[in-house]
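This report goes through a structure chain by chain, with attention to confidence, packing and backbone geometry. The sequence and coordinates are shown first.

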Amino acid sequence: MTITSPADAVSFDVERPARFAFMRRGDFPLVPSLIFLVIAFVAVFANVLAPHNPEIGSLTARFKPPFWQTGGTAQYLLGTDQLGRDVLSRLIFGARVSLVVGFTAVIFAGVLGTALGIISGYLGGWVDQVIMRLTDTWLALPALTFAIFLAAIVGPSMWNIVIILGAVYWTRYARVIRGEVLSLKEREFVRLAIVAGCSKRTIMIRHILPNVVNSAIVLGTLMLGVVIIAEASLSFLGVGVPPPEPAWGLMLSDGKQGLMVGYWWLTVFPGCCIMLMVLSANLLGDWLRVKLDPQLRQL
Amino acid sequence: MKQYIGRRVAYSLLSLFLLSLTIFFFVRVTGDPAALLVEPGASEADIAAIHHQFGLDRPLWVQYGIFMSSLFHGDLGQSFYYRTPVMSLYLSRLPNSLILAVVAMGFSLLIGIPSGILAAVRVGRFWDSAGKTFALLGLSLPSFWVGLVMILFFSVYLRWLPSSGAGTPLHLIMPAFALGWYFAAAHMRLTRSSMLEVLGSEYVKLARIKGLPESLVIAKHAFKNALIPVLTLAGVNLVIMVNVAVVVETVFAWPGIGRLLYEGITFRDFPIVQGVVLMGGAMIVVVNLMVDILYAVIDPRIRLGT
């Protein structure tokens, strides 16, 4: 082989990995991904998949057990609740609420926290002091209690919950991202950009941001589970998604009343859904963490 | 040392100041605080009276001054529902929350420490993966659902335990377990990593070279030192438990601070909600300060490093 350009001299014969090779390496969390995909599919096609209207029930069909128990019918596969609404349909539409709230809140918190983390870490000085002291203070507030406080002020609605959860959880991103920016800004490419005369804004957006996106995504997947549980908790306490919206936390709260009489399906099914979703989000997040960001492995 | 402690105290005071500012700011920026401070269905005249009574018609910084001065006097306002000061309500519920937190902590350490040690000693093998699975489950199961399922089994089907309320030790078992469950996972993880660190250290190697049996190395040499960070975390978590028990206390109708917060929400009793949040944040800031100082006293590297 003749070397014609410096590029040839440094190119190694690296086999390009096949497109889905990462799945075959053995550590890909197949089951959690499948569960997650199924939940996402169900959430997207809820209108088509749900056998009944999730918000309208028939009072003649209250507290029907699942179909395999005596008294249950195939019409209501997983039974009905105190207003005769189909549990299965509510679970299906509940997936939509959980996913929408979970994802948007995580993204909202992520954008806010990443932006403030970059600004704080790169600019330093009093800006850093102000942002970090605020971060420390907000981290000291118990997240759920703080969210309840905010919800009590602004009143319950699905989009308010997204904003509240974003406002409560941005601090975790800001901390981690700031730490990364502190080491990034000492690196050669950032110094070169300064020498080249880039403005602070350009450096933060063009040079720093692309380098912290990975960490932000990893943190986001790990936060997804936390946020979904927080949403369910708020709904359960009555300051989250307002009824008659079919949120899983709200279903648990309704189910609590029927618990002592033995209407187990009103409690067990929504809880299983939350657990499956959070568990698969956590497993995927763990896997992504190891894949994307070796620095965060110790997190 | 003195300088270090002085700086930590100053930071904590700053945090407390920002905390009060945050609460104050949020209440006022999101609308008329009088609407939150009067009972639902109050008349225009009532709202005007509240405006005057709380000084809401005065400049913001004067309002903040009033807010802070009442805080310094331990005045968190008056509950609408109970018609008593929020502070005395809070203090009357605090012992219940503490009892619950202590028992929950007992459960979580009882589960977390042995499983963490087992995972560390058998690292990479069955008990390690079992421990990891358990930790993951702990983080993925909402504590209120664990509580509801326990009520279903132990109260409804088996009829062994009372489903809600307080009074006997039996009432404590389920809420404490539901609350401790989540923390057990965190304690297990920390025990495992701390134990692994200690097991790799020189003095443990020496103990092995001396020919001590492995069980003695683990029990006498490694365990004691690995326990320090775990117990520190447990101390902090105890305070956090008092403040995050709201869902568990609601499920089991346990008359603690969390339940008070829930009552605050359901009765639209805003002074209670504000008071519980303020006290929770303040408690955690103070505990963090105590841990920082304690560490500085124990470990000189920390205070020299800053």
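What share of the contacts in chain A between residues at least 6 apart in sequence join residues at least 24 apart? The share is 71%.

## Model and confidence

The model is predicted. Chain A has a mean pLDDT of 82, and 89% of its residues reach 70 or more. Within chain A, helix 5 has the highest confidence, at 92, while helix 1 (residues 6–10) has the lowest, at a mean of 48.

Over residues 7–12 of chain A, pLDDT stays under 50, and the model has two contacts beyond four places in sequence for this stretch. Where pLDDT is low, the predicted coordinates should not be read in detail.

## Fold of chain A

Chain A contains twelve helices and zero strands. Its pattern along the sequence is accordingly written α-α-α-α-α-α-α-α-α-α-α-α. The chain has 299 residues, of which 44% count as buried.

## Interface between the chains

The contact between the two chains involves 38 residues of chain A and 42 residues of chain B. On the chain A side, helix 6 (125–140), helix 7 (143–154), helix 10 (200–237), helix 11 (248–259) and helix 12 (265–292) each supply at least two residues. Helix 7 of chain A gives the most, with nine residues. By residue type, the side of chain A that touches chain B consists of 26 nonpolar, nine polar and three charged residues.

## Helix 11 of chain A

The peptide bond from A:P243 to A:P244 is cis, and its omega is near 5°.

## B:V251 and its surroundings

In chain B, helix 11 (residues 246–251) includes B:V251. Is B:V251 buried or exposed? It counts as buried because it has 29 C-beta neighbours inside 10 Å, against a cut-off of 20 or more.

Leaving aside residues up to four places away in sequence, B:V251 touches B:F144, B:G147 and B:L148. B:R189 is 62 residues from B:V251 along the chain, and their C-alpha atoms are separated by 27 Å.

Most residues other than glycine have a negative phi, and most peptide bonds are trans. Two residues of chain B are described here with this in mind.

B:R83 is not a glycine, yet its phi is positive, at about 60°. B:R83 sits in the loop between helix 4 (60–72) and helix 5 (86–121) of chain B. This residue is exposed, since 7 other C-beta atoms lie within 10 Å and the limit for exposed is 12 or fewer.

B:A253, also a residue other than glycine, has a positive phi near 50°. Its place is the loop between helix 11 and helix 12 (257–266) of chain B. With 14 C-beta neighbours inside 10 Å, B:A253 counts as partly exposed.

Note on methods: Residues are numbered from 1 along each chain as its sequence is written. Chains are lettered from A and ligands numbered from 1 in the order in which they are written. This is a predicted model: local features need pLDDT of at least 70, side-chain atom pairs count only at pLDDT 80 or more; totals for chains, interfaces and linings use all residues. Two residues are in contact if their C-beta atoms, placed from the backbone, lie within 7 Å. Helices (H or I, at least four residues) and strands (E, at least two) are DSSP runs, numbered from the N terminus. Ala, Val, Leu, Ile, Met, Phe, Trp, Tyr, Cys and Pro count as nonpolar, Asp, Glu, Lys and Arg as charged, and the others, Gly among them, as polar. pLDDT is the predictor's confidence in each residue, from 0 to 100.
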